[in-house]
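Welcome! Please take a look at the sequence and the structure, and then we will walk through a few spots together.

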Amino acid sequence: MNSRQPIPVVVLAGFLGSGKTTVLNHLLAGRGGTRIGVVVNDFGSIEIDAMSVAGQVGDSMVSLGGGCLCCAVDGSELDAYLEKLSAPVHRIDVIVIEASGLAEPEEMIRMLVANENPAVRYGGMVEVVDAAEFDATRARHPETDRHLAVADLVVLNKTDRVDPVERARIETELAALCAPGTPVVGAAHGRIDPELLFDRRPWTETRGQLSFEDLFAQAEGHDHCTHAHAAYESTEFTSEQALSPRRFMDFLDRRPAGLYRIKGYVWFGVPGHEECYEIQAVGRFLRFAPQPWGRGEPRLTQLVLIGSGTDGEGLVRELKACREEAPQDANPESMWGVLRYVDRPEEDWGDAPEPDTSETPPVPPTY
């Protein structure tokens, strides 16, 4: 695509001891060539000694090496540091906010949705849960249930410390506490594939030059990122035929619980909506971003679906059933379902109903 999209801002939440910082450090370790902006309360929670700090890059900001930046902020400074991190000079690809101590997750979501900086967008909320201390955490922090209710993806961490029966019980309780369709990803030692949250770029020339990735691998003795990736299946789908927006939204509505991430580009071809629609889904968080096709670029749909225990062939069959033979004859109103998930709706929505913003917190609609 020929235009730079707003930087996704992912909220990483979880109570003390859940392993939230371990998850964050693992994401940094497995980021490949992705440039990550990190917002935390205290630099001490991030493994800066292992990150080959390059020096100060601004007030309360340090370089983590390889293009990653870290800010230590309080809630009142968040907008200012998002503006700093999103400056083109830093070329940041994704921003991760460690929510603990900054604000309640609901308040953090409100701040991000209301943020008027066009260079950033809300990218979903991930709640980290300690499987070994699940009941004790809920008793100590009753607000846990409220946090889970607004999560787009739940990481059930420390699954190696509970037996299968206990894990199944916790997952059943999480299904009741979370919004319908919220995926729960099991993890040990905070090891989840970064691709579940953001697109990972290829390794850069810093690989092999005492980069953070090398230091981390040396310290651990092997690359955990490979192990994490092995736990998930990736399914690819390509179609030169346009997709029916209604059938595709139906597919998203009934996606299996193990489907954690969907990314790519969709070609609908509906009159008045012939753009390329980028799709990003993290758990139940869903967003479309219309953008022009590149000159000479073929009109087609390209999707990558990442999950665990999913039926790849079945997913492809369902997506093939979404194909539309004559998109040029489709009623523009068929796009209403898609347009509900566009951050900045186009002016030509026609008589499409306005998205409901009366709910609290005012998060973007989810499927």
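At 18% relative accessibility, Lys-158 falls under the 20% cut-off and therefore counts as buried. Keep in mind that this is a predicted model. Lys-158 sits in the loop between β8 and α6.

Another residue with a positive phi is His-189, at about 60°, and it is not a glycine either. You will find His-189 in the loop between β9 (184–186) and α7 (212–220). With a relative accessible area of 46%, His-189 is partly exposed.

Now back to the loop between β8 (153–157) and α6 (164–177), where Thr-159 lies. Thr-159 counts as buried because its relative accessibility is 13%. Which residues does Thr-159 touch, leaving out those up to four places away in sequence? They are Ala-131, Arg-167, Gly-186, Ala-187 and Ala-188.

Here are the accessibility values side by side:

| Residue | Relative accessibility | Class |
|---|---|---|
| Lys-158 | 18% | buried |
| Thr-159 | 13% | buried |
| His-189 | 46% | partly exposed |

Let us finish with a helix. In α10 (residues 312–320), the buried residues are Gly-314, Leu-315, Val-316 and Leu-319. Among the elements that cover them are β10 (233–239), α9 (245–253), β11 (259–267) and β14 (301–307). At the start of α10, Asp-311 has a side-chain oxygen within 3.3 Å of the backbone nitrogen of Glu-313.

Key: Residues are numbered from 1 along each chain as its sequence is written. This is a predicted model: local features need pLDDT of at least 70, side-chain atom pairs count only at pLDDT 80 or more; totals for chains, interfaces and linings use all residues. Side-chain values use heavy atoms; hydrogens and water are left out. Buried means under 20% relative accessible area, exposed over 50%, partly exposed in between (1.4 Å probe, protein chains only). Helices (H or I, at least four residues) and strands (E, at least two) are DSSP runs, numbered from the N terminus. Contact means heavy atoms within 4.5 Å. A polar contact is a pair of N or O atoms within 3.5 Å; within protein, one must be able to donate a hydrogen and the other to accept it, and residues adjacent in sequence count only if both atoms are side-chain atoms.
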